[in-house]
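Hi,

Here is the structure I promised to pass on.

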Amino acid sequence: MQVEVSRRKFLQGSVAMSIVGGSSIGVTNLLASHDEKESKTSITTKTGTGEAKEVATLCEMCVNKCAALARVENGVVTKLNPNPLFPKSKNMLCPRGNAGIQALYDPDRLKHPMIRVGKKGEGKFKKVSWEEAYEAILNGTDKFTGMNKILDEEKDNRSSFLFCAGEGMAEHTFKQFYSAFGSANWLNHASLCLQTVISGYGVTLGGYPQADLDNAEYVIMAGANRAEAIVTPDTMDIFKRTKRRGAKLICIDPRFTNTAAKADKWLAINPGTDLAFVLALTYVVITEELYNKKYIADNFNGFDEYKKSIIDNKYTPEWAEKITNIKAKEIYKIAREFMAHAPKSVYYPGRRSTFANNDFQLRRAMAIFQGLGGGIDTKGGLVFGKKLKLGKHEGIEPIYAQAQGRAVDEATNKEKGKPPYNDCAVVSGGGSWVAWRNRYLEDRMPYKVRGMFIYKHNPMMNMPNTKKTAQMLEKMELVVAIDTMPSDTVMYADVILPEATYLERTDPVKTFGGLEPSIAQRNKVIEPMFETKPVMEIMRGLTEKISKPLFEITKKYDEDVQDELKDSSEEEVYAEFDLTKPFEHSQEEVNEHMVKGLYGEEAVEALKKHGVFYPDMDKYFKQLSVNEHQYYPEKEKAYSVNGGRPKTKSKKVECNITNLASKGIDSMPVWKDEYNFNVPNGKFRLLTGRHAQFTQSGTSNNAVLRDLIMENYIWINKREAVKKDIKFGDMIEVSSSVGKTRLKAYPTEKIAPNTVFFVHGFGEESEALTWAYKNGGNDNAVIEDIIEPVYGAASMHETNVEIRKV
Ligand code: SF4
């Protein structure tokens, strides 16, 4: 057989990095004034334990990655302070950020590699060395099957392993292992998180924009709870200006949240009906011709079709009132006010998970509505911002002849206009977690998947229908978990590899786009404690163990490789499959190479010392008052990067996307009867959400944060509570068709009678978590596995539940 060497995407030598050249920028005087100030404070210790040093790092207590300065005294991290230099976090560290020390010193954290010795999920593990853990992964034990056997039996089908990861700066390093390993099965948190938001804005405006809340004059915040769910500097930007202080905030939410309390107006909407609200706003703007005609003529595709659809479907405020519970006169008023302030008005895009099955079309409708006033890529509207370049860091991606494609469920009926897959219309890079799990359990896979790697991810807590997730983990023959904490998911692992916490490792350098773009780096604050390691080192050790034995399997089943070996030495051919290559350099070395070629040695030093770098930082950065800083002068801020246009290929707002119709998706946002809010008598619609003092289940065991919120409570309308004789603190059982959970009652007027709510992330079942164990209720134990039809995202607010006092 003729060998096509070019079919392997192998990077010669696999130096694991290739650097894009560029000019070096002088930063000689970088932050001289800050240094001066820092040197005075950093050597003073309050504990009297000796000299302190300060290390610039990035917070990992949530996705925002605020910059922090860690004070270290005699090798102990004693305080985390905000780092004023980072434009994204503007000298702020929220309660969770401050509680990061507890993540480091949590006595429950995973300290050593372990292998399972009891029944799956029972939580019985044996402490082993790293070498023994790697050996168990490769060759198994009497309790579980090794990777060698699985891949041999599956004839080198690399896709017989699933890889999944949660969000984090080192996710990229883990993903390199996945790419080199050669599986096609990758699942991340996207379908449990922002997938429909990102995609809805992506196809309509060409990107997921940020809201310029600092300059907007009018903001509609619907289904987003910034004052309570994520308190970051941009949260502050809006609330310091509400209540007649410069910006008008309209809050649309089924609950009276903290955001509602700080808004100028709160309108209680029926859950899942925001799309009807936006369509009615659009109806008013179109029929009253309030839109920016020139902007639309220059920057819209398909506006006439959309206008016709809105008018023909009679999406009037009166129509929407019956669906949404928002008075028609309010809809007229909001539509007119929004356009009166345009382009400095914002329909806030939100950054939450999918709540309802119509979420993708809701985001499309919101993006189009925003465009009607021209508030795109402009000050006070939605902005795309700039991103600073980083050098490329490449891994290897060998192609294994026996590796099957991603395990998807293709529709047999390929008729035009019908969805191409049975689970959802589009299979994204992050896949549909719920659909994948359910197909796996129902034996609807195109081939056998027998093992999985889980990195910093807790699907037992984060995915609807916990019972099914447990069944999936039980069914897998080899589960390897890399994590810092013994979560509910880790309890189902066969091999546990303990990762160092974020304060003990340097992570891949990252570029942060926006109005004031910068590059930031998480630097190692102290050496990893116990036997933990950063994921780069974990991967190095693992690949050194498995790379050659797995190549033997490839040799056995891959005819192309067998042919290559006739003409080339084994060493040469193996080099293409050498899994150790992407991990041979330290993270510090990789980071240096990604920065140095573009910005010079001084940028490398700035990132190590200050954690932050951007060109001209020494010139631009100024302290303006006690807690106010300038990062870029006003004229240098990236309010407009595309001449006020969207970033789609056509540079237009895409109202009518006919390609979507070929996949069975409506080409324009429309309302369907099945979207109507409907709760049978005796039941309640379950709403879930997050709180700024907790990050999902990731911080549930943090004892410092538990001082702020002990546990989650279920919100029940006061009148309903009286009918059921439920008082504050009574224990309530919440049940649905998929399971039950228990938590305490909070009767309140702040929620409608047919709706209940509780915060996500509580109620873990892992006994290894001292503080989180059975603390409050787990929403995903009762949320049904309802799949949004476009991307297969989990619809979190489509479940009706029953409640009873116990
Ligand atoms: S918002 Fe808070 S938890 Fe999130 S990164 Fe910033 S400081 Fe950390």
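**What I found**

Of the contacts in the protein chain with a separation of 6 or more, 74% are between residues 24 or more positions apart. Before you go further, keep in mind that this is a predicted model.

Let's start with the whole chain. The secondary structure comes to 27 helices and 29 strands. The radius of gyration is 27 Å, close to the 28 Å that the globule rule gives for 806 residues, so the chain is as compact as a globular protein of that length. As for burial, 61% of the 806 residues are buried.

Helix 7 covers residues 195-205 and helix 15 covers residues 359-372; their axes come within 8 Å and cross at roughly 45°. That angle makes helix 7 oblique to helix 15. The crossing of helix 7 past helix 15 is right-handed. Which residues meet there? On the helix 7 side you'll find Thr 196, Val 197, Ser 199, Gly 200, Tyr 201, Val 203, Thr 204 and Leu 205. Their partners in helix 15 are Asp 359, Phe 360, Arg 363, Arg 364, Met 366, Ala 367 and Ile 368. Sorted by class, the contact between helix 7 and helix 15 has 8 nonpolar, 4 polar and 3 charged residues.

Most residues other than glycine have a negative phi, and most peptide bonds are trans. With that in mind, here are some exceptions to look up:

- The peptide bond from Ala 342 to Pro 343 is cis, and its omega is near 10°. You can find Pro 343 in the loop between helix 14 (328-341) and strand 13 (345-347).
- Lys 314 is not a glycine, yet it has a positive phi of about 55°. Lys 314 sits in the loop between helix 12 (303-312) and helix 13 (317-324), and it is exposed, with a relative accessible area of 56%.
- Asp 443 also has a positive phi, near 55°, without being a glycine. Look for Asp 443 in the loop between helix 16 (433-441) and strand 15 (451-455). At 61% relative accessibility, Asp 443 counts as exposed.

Last, a couple of loop residues. Is Thr 506 buried or exposed? Thr 506 belongs to the loop between strand 17 (495-498) and strand 18 (510-512), and it is buried, with a relative accessible area of 8%. Leaving out residues up to four places away in sequence, Thr 506 touches Arg 522, Asn 523, Lys 524, Gln 587, Glu 588 and Asn 591. Take Glu 588 from that list: Thr 506 and Glu 588 are 82 residues apart along the chain, but their C-alpha atoms are separated by 6.7 Å.

The other one is Gly 118, in the loop between strand 4 (114-116) and strand 5 (125-127). Gly 118 counts as buried too, at 8% relative accessibility. Apart from its neighbours within four places in sequence, Gly 118 is in contact with Lys 124 and Lys 143.

Cheers

Methods. Residues numbered from 1 in each chain as written. Predicted model: local features only at pLDDT ≥ 70, side-chain atom pairs only at ≥ 80, totals over all residues. Heavy atoms only, no water. Axes fitted to C-alpha atoms, helices over the stretch in contact; angles between N-to-C directions. Helix = DSSP H or I, 4+ residues; strand = E, 2+ residues; numbered from the N terminus. Parallel < 35°, antiparallel > 145°, perpendicular 65-115°, else oblique. Left-handed = near helix turned anticlockwise from the far one by under 90°. Contact = heavy atoms within 4.5 Å. Nonpolar A, V, L, I, M, F, W, Y, C, P; charged D, E, K, R; others polar. Rg over C-alpha atoms; globule rule 2.2 N^0.38 Å. Buried < 20%, exposed > 50% of the residue type's maximum accessible area, 1.4 Å probe, protein only.
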